[in-house]
Every structure is written in structure tokens, then in C-alpha cells.
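Thanks for taking a look at this one with me.

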Amino acid sequence: MYLDVINSPDDLKKLNVEELSDLAGEIRAAMMNRLSNIGGHFGSNFGIVEATIAMHYVFNSPVDKIVFDVSHQCYPHKILTGRKHGYLDNNSFDKVSGFTNPDESEHDMFNIGHTSTSVSLALGLARGRDLRKAEGNVIAVIGDGSLSGGEAFEGLDCAAEFEGNFIIVVNDNDMSIAENHGGIYKNLRKLRESNGMCECNLFRAMGLDYIYVANGNDIPSLIKAFEEVRDITHPIVVHINTLKGKGYSYATENKEEWHWHSPFDVETGKNRYTSSGESYDGITNEYLMAKMKNDEKVTVVTASLPTNIGFTEDKRREAGRQFIDVGIAEEHAIAFVSGIAKNGAKPVFATHSTFMQRTFDQLSHDLCINKSPATILVNTASVYGMNDIGHLGIYDIPLISNIPEIVYLAPTNAEEYLAMLEWSIEQTAHPVAIRMPCGKVMHTDKEVDKDYSDLNRYRMDMSGCDVAIIGLGNFYHIGKEVAEAIRKKTGIAPTLINPRYITGLDKEMLESLKKNHKTVITLEDGILDGGFGQKIASFYGPSDMKVYNYGLKKEFVDRYDVSELLDENGITVDKILSDIL
């Protein structure tokens, strides 16, 4: 195996072109070993193997600096830069992350998990190089799907005025996570169909130089193109046309399904682990499909992640014009639904908590100042959600709940969630965000409220004394377990409260607790700083009430174990009980 002797890009340069082609097959086999066992980003990585080989063959990393957008296509790069053990050795999978990571290698410039950032980051590297009067090429790699993000446009716009070496490799596989959306993709198609020669060229229109490689999976063609632009003295786009999922028929035939894939059987392509039963994204989709059929004013908006609320390709077709995917453009999505709501329709926008972070200004300025009654669904906002450092979903409570005018709700079960969603879509007074429950679907046989217009009214599910437990959203169920543990240990029944509203305090209920309670416990599935519990603690500050806030400390954590992280933060029934006693 050629891969046996490849420990750095320098080793790669010793091979001839035919050997490089064989190496591409070995890299795909190594990725297949990892992906079939633990899952990960499949299609984009399989499609960029040859381009990665060619880049490392021509350029001199890390003197020449390569920045991969979103890191969805960095696996071949990792294999060629000393981390092949994370793909070949099953016992080393957890030693190599799925994203670029400077802590792993000097060949990784940034820790990146969000899209549309590579041009801006790389342009900064180029500017820093020139300020230091240093040498070397700077290469930004960005996929066509990422071009719909606003930051990509800002980076390209500024790159056109840069005076120095700067290379932008546009990896065009005619696919985002799902299908591409936006007008620029019509031009990309024309460029592909004309071999890069059509008169209308969005890159040249922005002031950038441009070359096209029709077969972005052909190593000789790629080497020729990269040699042509190496050490160039001005910004240039190298537009390469690749095949997403190349080398595995299941991935090329079903590109959306194979963008990211869970562990699977290589021979059949079938998942090794099948999920059964309900999911909150499935429940959401079933509700919204029925809602749209009964009310043509209801519309659902996603940002390149339609399946985060169950909108698979068949569901998107069925929904028709009432479903809109705006591509990777979360900021646009928030302003867009604000306009839809302002003009009398009923929009619902959904994305993951980690990507909602990009939209703070639009939430504040475009949505909440204007009091547009749109519904925002915040998915995987939980310690139980995605767990790598670039996709943490635990920062949404401080981000969203401190914006005036918005109502941020935290349901504790499926029935309460659907009731809140129905109320939010039909009401016309407030922008409303709902923190979708995460993990196993929980049900209740108790009647849930249907109207949430009387804001900030908490629900007391158990009335007791001495200790009051306020369990928010996903962590309500931990609070319920703590309440039972207190009762069993002390014989005293505590009070258990479902606050439901993240954005406000039920001052009447909190004041009433002073009469026969000494301690208040808050539990929230997110960071404590600026969060829900601190608002409760602030309320009780001038009083004798003792308040314990349980949540996560403010830190960047990477690939954490949920149980370990909860234990480190004291969020276990035994530790909370010990604190109370």
C-alpha cells in the first residue's frame, strides 16, 4: 500500500501520477473503514480525494496554508498529514476529530465546523503573511453549497481588492447538504456546461481571476491547474467540478442521504443501527404537513437542513410552494420569515441551535424590534445534541432569551411541544421561539395548556415545602427524579415547577415560594452564564432564599460524553440531593 509510507505531504511528492491514482483508491478505502464503523461526512470527502492529493502534491503545507470550509471535506487531508491511524486503526477513531483541528496538526489552520468561513479566514492569513513580509501560498477551499452563505459573499467581495497571492478553490459538486438553492447556482451550471467559458461569470463579475477544471476528479488536470496558479500574485478562483460520493454507488445515486451517514454495511449500504419509534423531528413534520394542508398561509422555511424537522425529498415535494429552503443563509431566513409574518402569513423557520448563533442581529433587529409573529424552532439545543466543538447547541438560552419582545418557550414533552407550536403559529402578538425537546420522545397523560398568551406563567406540577425544583425543558425530567429522591430520603415532598417560559419570570409564583420554602433549585440544559437560572437567583438576591443553579459551565467542549459532562457539572440526582441535604 502506498498509504503505508505516506506520513506527510512530503512523502506524497515522491509518487508518480499513476501511483497517485492508486493512492486515491487507498484513501477511499481508509475513509470507508472509519465511516462504515462510526459514521461521518461521506459524500463531500469521497468527492474531493483527487483534489486534495493534487493540492498537497503541488503546494507545500504548512508553509502554504490550506483552509477547508466547514471541514466536511477534510478527511483526505487528514489522512495525508499524519493522521491516517484515525481511519485505518479502529482503536484510534476517537483520536482524530471529524473537523480540522490545529491541536492535531500544524497542517490545520483553524478549528472549523460552520460553513461559508474559509474565504474570510484564509484572506486573513494572506493579509497576515504580507504584513510579516513572509512567503507562501494561501488556499481557501469552499464548496458550492457554502457559497450561498453571506459570509462567503463578503469574503469574495473583499478578496477581489486584495493585492497578493490568494487562491480560492471552489469545489462544485452541484450539491449542498440537500439540493442547492439560490440564483448563483444557475450561473455555476452555465459555467460547468460551457467549460468555464460562458460570458456570465459570477467570479469575474466580482473582480476575481478565474480558471475552470472540468474533471475535478482527474489528478493530472488538477495538478496542471494548481501548478498554474501556484505563487500567483493576485486573487484567483480555481473552479473544479467534482462528483460527490465518488467511488461508492450508493452515495453518488443518493447524494442527500449520503452527505452525512451513520454507520453502515459496506456491501448493502444499509444502516448498522436502525432507529425505531418516535422522534421530535418526525412529530414536527407530521404536525406541520397536516397544518399546511389545512391552512395555505402556513409556510415552512429551512436553511439547507430540511431533514432537521423531517422534510425529506418526498415531503418537500408534497409540501410544494409552502416549503422553502433558502440554502445556507440563516440570517436571510430570519429576516425573510419576519417579512412573511408581517404581511399576514404564518411562517415557521427551523434550524439547529449551533447555526442559530449566526442570526443574533436578525433576531434582534429584523424580527423582534418589528414584533413580527414568526415561529422559530431551535433544534438540538441540548447537551444531548451534537457534541463536537463546532456544533455545540448549549448557548442558545443566553443568546435568545435576553432579546426584548421574543417569547422563548421550553416544552417538556411531545404534547406540550405541539400545543406551544399550535399556539405560536396562530397568535399574532409576538415573535416566538420554541426550544424543541431533544432525545427520547417524552409523553404525558396530564392535560397541557393550549394558550400561552398570558406570558411567563409557570406551571406547578407538585406542591410541597422546603425545597422547590424548577426544571426547564429537557432537564425537567431530572428535576422530577430529584423530587422523588428528596421525598424518599427525607419524607418531605418538594415543589416541582415546569417554568415553560425561558424569557420571563413568574414573579407571583416565585414570591409565593418564600412563605414555606428555604431552597430553590434551577435546572437548565445549557450554560449557566446569562442563562435562566441566574435570572431566578437575581430575583431572590435580596431575600433569605438559597438558590442553587444547575447547568453547564461556560467552556468549549469537544466530543464529550454526556454522562461525564453532567457529572463534572454536578448534574446528577445523587449530587443534587447531596447539595440539598
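1. Let us begin with a side chain you can find for yourself: is Glu318 buried, partly exposed or exposed? Please keep in mind while looking that this is a predicted model. Glu318 has a relative accessible area of 44%, so it is partly exposed, because that class runs between 20% and 50%.

2. Lys293 counts as exposed, because its relative accessibility is 61% and the cut-off for exposed is over 50%.

3. Helix α14 takes part in another contact worth a visit. The side chains of Glu179 and Arg316 meet in a salt bridge, at 2.8 Å from N to O. Glu179 sits in the loop between β4 and α9, while Arg316 belongs to helix α14 (residues 313–319), so this pair ties together parts that are 137 residues apart in sequence. How do the two ends compare in cover? Arg316 is buried, with a relative accessible area of 7%, whereas Glu179 is partly exposed, with 30%.

4. Arg192 forms a salt bridge with Asp172, and their closest N and O atoms are 2.9 Å apart. This pair also links distant parts of the chain: Arg192 is in helix α9 (residues 184–193) and Asp172 in strand β4 (residues 166–172), 20 residues apart. Here both partners, Arg192 and Asp172, are buried.

5. How many salt bridges does a search of the whole structure find? The search finds 29. Beyond the pairs above, a network of salt bridges links Lys291, Asp295, Lys346, Glu422 and Glu426. I would color these five together when you look at the network.

6. Glu151, Glu154, Asp157, Glu161, Glu163, Glu331 and Asp361 form a negative surface patch. Which helix gives the most to the negative patch? Helix α8 (residues 150–159) does, with three residues. Asp157 lies in helix α8, and it counts as partly exposed because its relative accessibility is 48%.

7. For a contrast in cover, turn to helix α4. Nine of its 10 residues are buried, so α4 is largely enclosed by the rest of the structure. The buried residues in α4 are Val49, Glu50, Ala51, Thr52, Ile53, Ala54, Met55, His56 and Val58. One charged residue, Glu50, is among them.

8. Most residues other than glycine have a negative phi, and most peptide bonds are trans. The peptide bond from Ser61 to Pro62 is cis, with omega near 10°. Pro62 is placed in the loop between α4 (49–58) and β2 (65–68).

9. Asn456 is not a glycine, yet it has a positive phi of about 65°; its place is the loop between β13 (432–435) and β14 (459–462). Arg559, also a residue other than glycine, has a positive phi near 50°. You will find Arg559 in the loop between β18 (546–552) and α23 (562–568), and it counts as partly exposed because its relative accessibility is 35%.

10. Is Met545 buried or exposed? At 10% relative accessibility it counts as buried, because the cut-off for buried is under 20%.

11. Last, the cysteines. How many disulfides does a search of the whole structure find? The search finds zero. Cys368 counts as buried, because its relative accessibility is 1%, while Cys465 counts as partly exposed, because its relative accessibility is 29%.

Conventions:
Residues are numbered from 1 along each chain as its sequence is written. This is a predicted model: local features need pLDDT of at least 70, side-chain atom pairs count only at pLDDT 80 or more; totals for chains, interfaces and linings use all residues. Side-chain values use heavy atoms; hydrogens and water are left out. Patches are made of residues with over 30% relative accessible area and no salt bridge: like charges are joined within 9 Å, nonpolar side chains (Val, Leu, Ile, Met, Phe, Trp, Tyr) within 5 Å. Accessible areas come from the Shrake-Rupley method with a 1.4 Å probe; for residues, only the protein chains shown count as cover. A salt bridge is a side-chain nitrogen of Lys or Arg within 4 Å of a carboxyl oxygen of Asp or Glu. The place of a charge is taken as NZ of Lys, CZ of Arg, CG of Asp or CD of Glu. Helices (H or I, at least four residues) and strands (E, at least two) are DSSP runs, numbered from the N terminus. Buried means under 20% relative accessible area, exposed over 50%, partly exposed in between (1.4 Å probe, protein chains only). A disulfide is a pair of cysteine sulfur atoms within 2.5 Å.
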